[in-house]
Amino acid sequence: MQIESLLEKYINSLPDSTTKSAMLYSLTAGGKRIRPHLLYTVLKGYNVNPEIGNPFACALEMIHTYSLIHDDLPAMDNDDLRRGLPTCHKQFDEATAILAGDGLLTYAFEVAASSNEDSDIVMKCISILSKMAGPSGMVYGQQLDLEAENKVIDWNMLQRIHEHKTGCLLTAPLLMACILSKHEEDILAWKKIGFSLGLAFQVQDDILDIELTAKEFGKSNSDQKNHKGTSVSILGIERAKEVMNDLYQSATHEIQSLTGFESAELLEYVHQIQQRRK
């Protein structure tokens, strides 16, 4: 997969250091690459060369990986396992993990800015990336998630957490592809699709967290340990499955409603995500 070699190329261009090693360790630990894949698939659906998305696909994956490194830290979820391997702070140490996350986050914007597309398009994409990853997006969701520990929360609050913590970074590639392909008229539709996918994906994680062991799932089952409300604990597993399927169906219908977009490949990919078991 092209994204793998690109990510390694970007990281290998950095000066050698323990931080660089930790960045590479976490970035190449076998993630699903859902966000880059969404970006490429939407570009192809608009009949645009997907390679123009390369810098943004890499930036997305760097930011996603940084978020996982920091989410796993002792001060956050205190997890031992990620992507089937020891978490970054377990493999290295806590200080190095913090720096690795910092490095991936900041380097992501340098990589995105290296795009050869028109400067106004690059700036719009960087603005989307910044907003979706920052204190009104994913970071806000992380804060809400921390505040919800050891508290009884309802489904509305949990949706708010997932909308920001997971939904924002799954929406970002859809919006950036929309900008890169010069179809800004579809921005609102892609926002709806992204947040439906994000919530469905997180509900699915909550279900898999119950149904699979940590080894099978590839990451620690920490929500129960940290006394967090989940879609399963709030809705029950059968209702959670119904909600998940309804959300995937909503995203599918919205994709099919887009005019001038060849949806077959994206619909197939959404179906694959819906069927995942890790």
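Mentor: Gladly. Both arginine 276 and aspartate 205 are buried, and please keep in mind that this is a predicted model.

Trainee: What makes the contact between arginine 276 and aspartate 205 a salt bridge?

Mentor: The cut-off is a side-chain nitrogen of Lys or Arg within 4 Å of a carboxyl oxygen of Asp or Glu. For arginine 276 and aspartate 205 the N to O value is 2.8 Å, so the pair is a salt bridge. The two residues come from distant parts of the chain: arginine 276 is in the segment after α14 (264-274) and aspartate 205 in helix α10, 71 residues apart.

Trainee: Why is lysine 241 called partly exposed?

Mentor: Its relative accessible area is 27%. Buried means under 20% and exposed means over 50%, so lysine 241 falls in between. Glutamate 211 is partly exposed as well, at 31% relative accessibility.

Trainee: How do you know that lysine 241 forms a salt bridge with glutamate 211?

Mentor: Their closest N and O atoms are 2.9 Å apart, which is within 4 Å, so the pair qualifies. Lysine 241 lies in helix α13 (residues 237-256) and glutamate 211 in helix α10, so the bridge ties together parts that are 30 residues apart in sequence.

Trainee: Why is arginine 35 said to have no salt bridge?

Mentor: The nearest side chain of opposite charge, glutamate 61, is 5.3 Å away. A salt bridge needs 4 Å or less, so arginine 35 has none, although it is buried. Arginine 35 lies in helix α3 (residues 34-45). Leaving aside residues up to four places away in sequence, it touches Leu60, His64, Leu169, Leu170 and Pro173.

Trainee: How many salt bridges does a search of the whole structure find?

Mentor: The search finds 15.

Trainee: Which element gives the most to the lining of the second largest pocket?

Mentor: That is α7, with 5 residues. The lining divides into 6 nonpolar, 3 polar and 3 charged residues, and about 220 Å³ of space lies in this pocket.

How values were computed:
Residues are numbered from 1 along each chain as its sequence is written. This is a predicted model: local features need pLDDT of at least 70, side-chain atom pairs count only at pLDDT 80 or more; totals for chains, interfaces and linings use all residues. Side-chain values use heavy atoms; hydrogens and water are left out. Helices (H or I, at least four residues) and strands (E, at least two) are DSSP runs, numbered from the N terminus. Buried means under 20% relative accessible area, exposed over 50%, partly exposed in between (1.4 Å probe, protein chains only). Lys and Arg count as positive and Asp and Glu as negative; His and the chain ends are not counted. Contact means heavy atoms within 4.5 Å. On a 1 Å grid over the protein atoms alone, a cavity is a set of points where a 1.4 Å probe fits but cannot get out, and a pocket is an open set with protein on both sides within 12 Å along at least five of seven lines; lining residues have an atom within 4 Å of a point. Grid points are joined across faces, edges and corners, and a volume is the space filled by probe spheres set on the points. Ala, Val, Leu, Ile, Met, Phe, Trp, Tyr, Cys and Pro count as nonpolar, Asp, Glu, Lys and Arg as charged, and the others, Gly among them, as polar.
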